Amino acid sequence: MDQFLQQMVNGISLGSIYALIALGYTMVYGIIKLINFAHGDVYMIGAYVGFTITTYANLGFFPALIIAMIACAALGMVIEKVAYKPLRSSSRIAVLITAIGVSLLLEYVMMFFVGAEVRSYPKLLSDQVFLFGDIRINMQQIYIVVTAIVLMLLLQFILHKTKIGKAMRVVSIDKDAAQLMGIKVDKTISFTFAIGSALAGAAGVLVGIYYNSINPLMGVMPGLKAFIAAVFGGIGSIPGAMIGGLSIGVMETFVSGYGNSMYRDAVVFALLILILILKPSGLLGKDTREKV
Amino acid sequence: MKALTKKNLYILGAILLTFVIVQLLIEIGIINQFYEVTLATICINIILAVSLNLITGFTGQFSLGHAGFMSIGAYVCALTTMHLNSTVGFLLGILAGGTLAALVGILIGIPTLRLKGDYLAIATLGMAEIIRVIFLNMEITNGAAGLQGIPRYTSWVWLCFFTVAAILLINNFIKSSHGRACISIREDEIAAESMGINTTKYKVMAFAIGAFFAGVAGALYASYFYFLKPDIFSFLKSIDILVIVVLGGMGSLTGSVIAAVVLAVLTTFLQSFTEVRMILYAALLVVIMVFRPKGIMGTKEWYDLLKFNRKEEKIWKRRSR
């Protein structure tokens, strides 16, 4: 039982990181129907920005988090402007291939400049451990979960209480109608990328602190898994992404805790194929019907 | 349709000529060991690209799991030749590898090909990852350390034979009524379905044929490079193949061949700069999609560019007016 709860704690902290990345996927997919493959790499860049700031500027956790978020938001907007905007009217496959291209570009440009070697974060948070019976919860896990919750609440606030949030929701329902109502669609899409990327950047810093090691290819697997989380929860749905992220995180830790950690990734991908076959709209997604 | 048309004779002549010239160059020693690797890469990549083109370019089903099928062929052939160390074993291995890859393709294709566009892409990607993880954990494949000392049977003769066979068979498939059905699925799936085409059947068929040749390419790869490990067949390998197809033009076999040659030569020159090569690949993908989404050839083949066809086209156009 203790081991079960311990795995649960570990799973939730990993899952909240996945959830933060999955939110960006789900928002971008909701608004322009694009699987933004580069999202996982924005998260990687976020981790590197955090690393640079904490190591070379000797700043603490919160400044690093905020600067990484701002940098990633800017990066997300640039990617959208340069790579995706010219393709707004081309086929879905073309945009998807571009997204893969951007993803590889970010990975290898980073590798070119910072080298392929793994770097470790300086110690930012105390690794004080709280014991609840036999369950160990460390300070970092608490920080991760709390930061994730605060950011998600902030996102809910932006989406439901502000004008731009309303615009985002409207554009994701019907782009043309929104445009006719005088909503600046391009600006809204750009803003969506900014918010999604900022969340990914935050996740990058959190992961850097949690696992204490970063490298230019660290974004590939978490990116894919976060996408699976978004699909699991129902792509386009914000609460779905949060639930999906947490479930994938918990599942992954359980597979490595009780089974063979080598099969961790395979189980997640098998889950994806199962969801896509059984319920492609995900847990909270809406069924869409195809019109002929 | 006569088999011995002028065009087919030209093709036969060109193939024989290429074969003889390269064979001569190898024997004289102008193509040394170093360039032979490039040659093998070109041939293997052509088979991979042509088979992926059938799935992605002609049938319009975006697959990111081609490396998975390739790895099945590679491992099956490697294990077969290691137990049956002869040319018969090698050919048996290729056949078994291709067939097993095709079977897995059918098995995975039937449920996943109901998905569309990006969902299919992710599902196939997931499939390739699952295959890789399975190979990573199997005893017989020696896990992450990989297989070593695979006997080498792949030579220029076999490479040439299988490359030509793959191109011709896939070309003939596309020209057949089955192939036309596949193209109609790419153009408009709903319209194709309403014309009475069993879209699932043809999608799975294209998937299986594509997987078969990917398996054959993998088998040739295993038997040429002595050494296999699951990491070779990662997501990046699938992307490598995709870059060839996209650059050459989705829906053009000629384009795939040209792009495979160009990129293999490029890779040879950039061998010691892996990062630069990947940056170039990635930038190429983005630039092609933004500025010339149809790639080098679009959906045209080499004979579409020749004169006698143009004349026919004009006549046909006039008639249809």
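Residues are numbered from 1 along each chain as its sequence is written, and chains are lettered from A in the order in which they are written. Because the model is predicted, local features need pLDDT of at least 70, side-chain atom pairs count only at pLDDT 80 or more, and totals for chains, interfaces and linings use all residues.

Start where the chains meet. Here 33 residues of chain A are in contact with 31 residues of chain B (C-beta atoms, placed from the backbone, within 7 Å). H4(A) gives the most to chain A's side, with 15 residues. By class, that side has 28 nonpolar, three polar and two charged residues. Nonpolar means Ala, Val, Leu, Ile, Met, Phe, Trp, Tyr, Cys and Pro; charged means Asp, Glu, Lys and Arg; the others, Gly among them, are polar.

Strands E1 (residues 129–132) and E2 (residues 135–138) of chain A pair in the antiparallel sense over four bridges. Strands are DSSP runs of E, at least two residues, and helices are runs of H or I, at least four, numbered from the N terminus. Pairing takes at least two DSSP bridges. Phe132(A) has Ile135(A) in E2(A) as its bridge partner. Between the strands lie two residues, and Gly133(A) takes a positive phi near 65°.

Now turn to H6 (residues 156–175) of chain B, with 20 residues. Leu159(B), Phe162(B) and Ile170(B) are among its buried residues (20 or more other C-beta atoms within 10 Å; exposed means 12 or fewer, partly exposed in between; C-beta atoms are placed from the backbone). On the other side, Val157(B), Asn172(B) and Lys175(B) are exposed.

Key:
Expected span 1.5 Å × (residues − 1). Contact = placed C-beta atoms within 7 Å.
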